[in-house]
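Here is a short briefing on one protein chain. Look through the sequence and the model first, then read the points below.

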Amino acid sequence: MELKKVNYISDEELTSYKKELFNSIINDSSFYKEVLLSSFTNEDIMSNLSLFDEWRKNFNIVKKIKSYQDCVKFNTFEKLILVRDKKFIDREYEVLPYVLDNIVYNSRFIVKDFSDNFNSLSLRNIDSKTQLSLVKAQLKNKRKMLYFLGASRTGKTYLSIAIVNNFIKNSEGKVAFLNTTMRFQELIDLLFSKNVNDKNEFNNLLKEYSTCPLLVLDGLGNERKSEFIRDSILLPILKNRNNNKVVTIINSNYTIEELAILYSFNKEDGKIIANTIKNIINSQIESIVDFGSTPNLY
């Protein structure tokens, strides 16, 4: 049997390591100040080197964190604190305020189909003052629907997220921000499921989307189109939101007229239903907010 060589740490090496670790702690001026303000002594540090080194590392990471995205970046969601418990020193943890804010923020969404990278986006970040002023004017005039028209990556979604964040900041209502391609398919799958619970889930989601104070239909017209989607999802949502007088934002690559044509399926009865959709939208908007056909950085 082959014997493996074991590398032992000598007492001298261990003492040197402890001294080096101790010096790194007391030479970290901002952290060492925190240690002294917490009524710990150098003897406490020396007796609990690994604990104080752990605290120091967390302390220096937490100093860099200015947002929830930083928490994710540094994989740090709690602040470590050392406390004295009679003869012993132990850890305590505090959840960082950015994490708590993020939990509260996300709790406001029924569905949130955009990246956490935009959670802090505000109206102040919007470069296009023309589009922003049009939106503010329509909302001031009590319009309950906004129609954002433009090519992909022209800023429709970006502005919609900023409006959503402003809404969350200034009110207590729930928000649904739907990627229509994904969410309409999800609803269709529930509708045609043989599971009774799925049918109930379809009805519950449709009700929530129809009544929540703010709904964003992002990418309307890009979804797979069918008469079922038109008649069982899109039309009921728009009708109910119109009746409930709640705010809806529609982002689309298509004009309202083009959307009606797409959903008519070249059938006479289809044209009637598609025109109903068109008329609901036209009755609720003041004017289309045009984002143009040239993609930008958004």
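In which crossing, left-handed or right-handed, does α9 pass α10? The crossing of α9 past α10 is left-handed. A crossing is left-handed if the near helix is turned anticlockwise from the far one by less than a right angle, and right-handed if clockwise. The model is predicted: local features need pLDDT of at least 70, side-chain atom pairs count only at pLDDT 80 or more, and totals for chains, interfaces and linings use all residues. Residues are numbered from 1 along each chain as its sequence is written, and side-chain values use heavy atoms, with hydrogens and water left out.

**Helix α9 against α10**

- The axes of α9 and α10 come within 7 Å and cross at roughly 140°. Axes are lines fitted to C-alpha atoms, for helices over the stretch in contact, and angles run from 0 to 180 degrees between N-to-C directions.
- Helices (H or I, at least four residues) and strands (E, at least two) are DSSP runs, numbered from the N terminus.
- On the α9 side, the contact uses R183, E186, L187, L190 and L191. On the α10 side, D198, K199, E201, F202, L205 and Y209 take part. Contact means heavy atoms within 4.5 Å.
- By class, the residues of this contact are six nonpolar, no polar and five charged. Ala, Val, Leu, Ile, Met, Phe, Trp, Tyr, Cys and Pro count as nonpolar, Asp, Glu, Lys and Arg as charged, and the others, Gly among them, as polar.
- T180 lies in α9. T180 counts as buried because its relative accessibility is 0%. Buried means under 20% relative accessible area, exposed over 50%, and partly exposed in between (1.4 Å probe, protein chains only).
- T180 touches Q185, L217, D218, G219, L220 and E223, leaving aside residues up to four places away in sequence.

**Helix α2 against α4**

- Helix α2 (residues 29-37) packs on helix α4 (residues 49-64) at an angle of about 120°, with axes 10 Å apart. The crossing is right-handed.
- S30, F31, E34 and V35 of α2 meet F52, W55, R56, F59 and K63 of α4. This contact has five nonpolar, one polar and three charged residues.
- α4 has 16 residues and reaches 23 Å from its first C-alpha to its last, close to the 22 Å expected at 1.5 Å a residue. The expected span is 1.5 Å times one less than the number of residues.
- Buried residues of α4 include L49, F52, W55, F59 and V62. Their cover includes α1 (11-26), α2, α3 (42-47), β1 (78-85) and β2 (88-95).
- S50 also lies in α4. S50 counts as exposed because its relative accessibility is 58%. S50 and L21 are 29 residues apart in sequence and 8.7 Å apart in space, C-alpha to C-alpha.

**Nonpolar cores**

- A nonpolar core is a set of buried Ala, Val, Leu, Ile, Met, Phe, Trp, Tyr and Cys residues joined through side-chain atoms within 4.5 Å.
- The largest core has 34 residues, and L238 and I281 touch the most other members.
- Elements that each supply at least two residues of this core include β4 (145-149), β5 (175-179), α11 (227-244) and α13 (268-284). α11 gives the largest share, six residues.
- I281 touches M145, Y147, L238, I250, I256 and L259, not counting residues up to four places away in sequence.
- A second, separate core of 25 residues includes L123, L146, V216 and V247.

**Loops and positive phi**

- Most residues other than glycine have a negative phi.
- K245 has a positive phi of about 55° although it is not a glycine. K245 sits in the loop between α11 and β7 (247-252).
- N266 also has a positive phi of about 55° and is not a glycine. N266 lies in the loop between α12 and α13. N266 counts as exposed because its relative accessibility is 71%.
- P213 is found in the loop between α10 and β6. P213 is partly exposed, with a relative accessible area of 30%.
- P213 touches F167, G173, K174, R241, V246 and V247, not counting residues up to four places away in sequence.
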